[in-house]
Amino acid sequence: GLTTIKEAGFVGRLTARILVYYVVTSIIAFSIAIAVMDWMQPGSGFALKGSVKGEIGQMPSLATVVLDIFPNNIVQAFASGNVTQIVVFGVFLGIAALWLEERHRSRVVAFFETGRALFMRLVGIIIAFAPIGLGVLTAYSVGGYGSKIAGPLLKFIGAIYVSEFAMFGVIMLLLYAIARVSPLFFLKRTFPLYFTTAGTTSSLASLAQALQIAEEKLHIPRNICGFTLPFGVQFTKDGTGIFLAAILLFAAQSQGQVLPLGTIVVVVLTGLL
């Protein structure tokens, strides 16, 4: 995505705007989850048994979080699946490509374009097998938890979905308010993506399809979607924020504890970082 941008200054302006949007929507998302979990109280009546095994790690400092964004060894980052470091490396690589001579840059663009097409095909093959794995996972969960799934656990899952749909409504409102795009128009052109995302529960797994829909169905320029979508996969955490808040409050409710709002906010923000 960055290699298709002609002006380096455009990268800074685009990053600043999209980052503000990602941060604001993430905050809205976990605020919704806190309100829904407090209202539905799914953890009440669910008894957690057993003890925590191993030591609980300390919360990292802000300096540690910031420093860990930058890879010491990019090969190690790929090997360990550290997506944040890979994204940051990709940003620096793309910016470096902006200053290459055109004859070199054209080869770089061709290389990454071929790689993108290859991995889109690979993801498609993996997704084709996903329903089998999902069926096995569901059977395992039902076998492991039995009747508990029909009680507080089902209520917990329901609370997460209520939060997710509420956040979806907020996104549609923002789409119309900011971009003046009809939600119905948007949904008609993007609906295949939701089946992929729901089936894999991963925005990273559905990234290849998101890029394809953005270009072919919404006609968004490559230099916009090719940068903002991969960037957003790692830095917009609406779903993660909802899940973190839900788990925290569910665990507290199962122990009969009432957490102060300040504690909830600090824990969820740290988790998002």
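**Figure 1. Ala 208 counts as buried, at 13% relative accessibility.** The model is predicted: local features need pLDDT of at least 70, side-chain atom pairs count only at pLDDT 80 or more, and totals for chains, interfaces and linings use all residues. Residues are numbered from 1 along each chain as its sequence is written, and side-chain values use heavy atoms, with hydrogens and water left out. Buried means under 20% relative accessible area, exposed over 50%, and partly exposed in between (1.4 Å probe, protein chains only). Ala 208 is found in helix H8.

Figure 2. Helices (H or I, at least four residues) and strands (E, at least two) are DSSP runs, numbered from the N terminus. Read along the sequence, the pattern is α-α-α-α-α-α-α-α-α-α-α. The C-alpha trace spans about 65 × 45 × 40 Å along its principal axes. Of the 273 residues, 25% are buried. The protein exposes about 17,200 Å², and carbon and sulfur atoms supply 70% of that area. Accessible areas come from the Shrake-Rupley method with a 1.4 Å probe; for residues, only the protein chains shown count as cover. Contact means heavy atoms within 4.5 Å. Among contacts between residues at least 6 apart in sequence, 70% join residues at least 24 apart.

**Figure 3. Charged side chains number 18 positive and 11 negative.** Lys and Arg count as positive, Asp and Glu as negative; His and the chain ends are not counted. Each charge is placed at NZ of Lys, CZ of Arg, CG of Asp or CD of Glu. The centres of the two sets lie 6 Å apart.

**Figure 4. Buried residues of H8 pack against helix H5 (102–145), H7 and H9.** The buried residues in H8 are Leu 207, Ala 208, Ala 210, Leu 211, Ile 213 and Ala 214. In an α-helix there are 3.6 residues a turn, so residues three or four places apart point the same way.

**Figure 5. Helix H7 (residues 183–200) and helix H8 (residues 207–216) cross at roughly 180 degrees.** Their axes come within 9 Å. H7 is therefore roughly antiparallel to H8. Axes are lines fitted to C-alpha atoms, for helices over the stretch in contact, and angles run from 0 to 180 degrees between N-to-C directions. Angles under 35 degrees count as roughly parallel, over 145 as roughly antiparallel, 65 to 115 as roughly perpendicular and the rest as oblique. Arg 189, Thr 190, Pro 192, Leu 193 and Thr 196 come from H7. They meet Gln 209, Ala 210 and Ile 213 of H8.

**Figure 6. H6 and H7 pack at an angle of about 115 degrees.** Their axes are 9 Å apart. This makes H6 roughly perpendicular to H7. From H6, Phe 168, Met 172, Leu 175 and Tyr 176 make the contact; from H7, Pro 183, Phe 186 and Leu 187 do.

**Figure 7. Arg 180 and His 219 are loop residues with positive phi.** Arg 180 lies between helix H6 (152–179) and H7. Its phi is about 55 degrees, although Arg 180 is not a glycine. Arg 180 is exposed, at 59% relative accessibility. His 219 sits in the loop between H8 and helix H9 (222–235). Phi of His 219 is near 55 degrees, again in a residue other than glycine. His 219 is exposed too, with a relative accessible area of 64%.

**Figure 8. Pro 42 counts as buried, at 0% relative accessibility.** Pro 42 lies in the loop between helix H1 (8–40) and helix H2 (62–67). Not counting residues up to four places away in sequence, Pro 42 touches Met 37, Pro 152, Lys 155, Phe 156, Ala 159, Phe 250 and Gln 253. Pro 42 and Leu 249 are 207 residues apart in sequence, yet 8.8 Å apart in space, C-alpha to C-alpha.

**Figure 9. Gln 85 is buried, whereas Phe 78 is exposed.** Gln 85 belongs to helix H4 (residues 83–98). Its relative accessible area is 12%. Beyond residues up to four places away in sequence, Gln 85 touches Asp 68, Ile 69, Phe 70, Pro 71, Ile 74 and Ala 77. Phe 78 lies in helix H3 (residues 74–80), with a relative accessible area of 51%. Leaving aside neighbours within four places in sequence, Phe 78 is in contact with Ile 86 and Phe 89.
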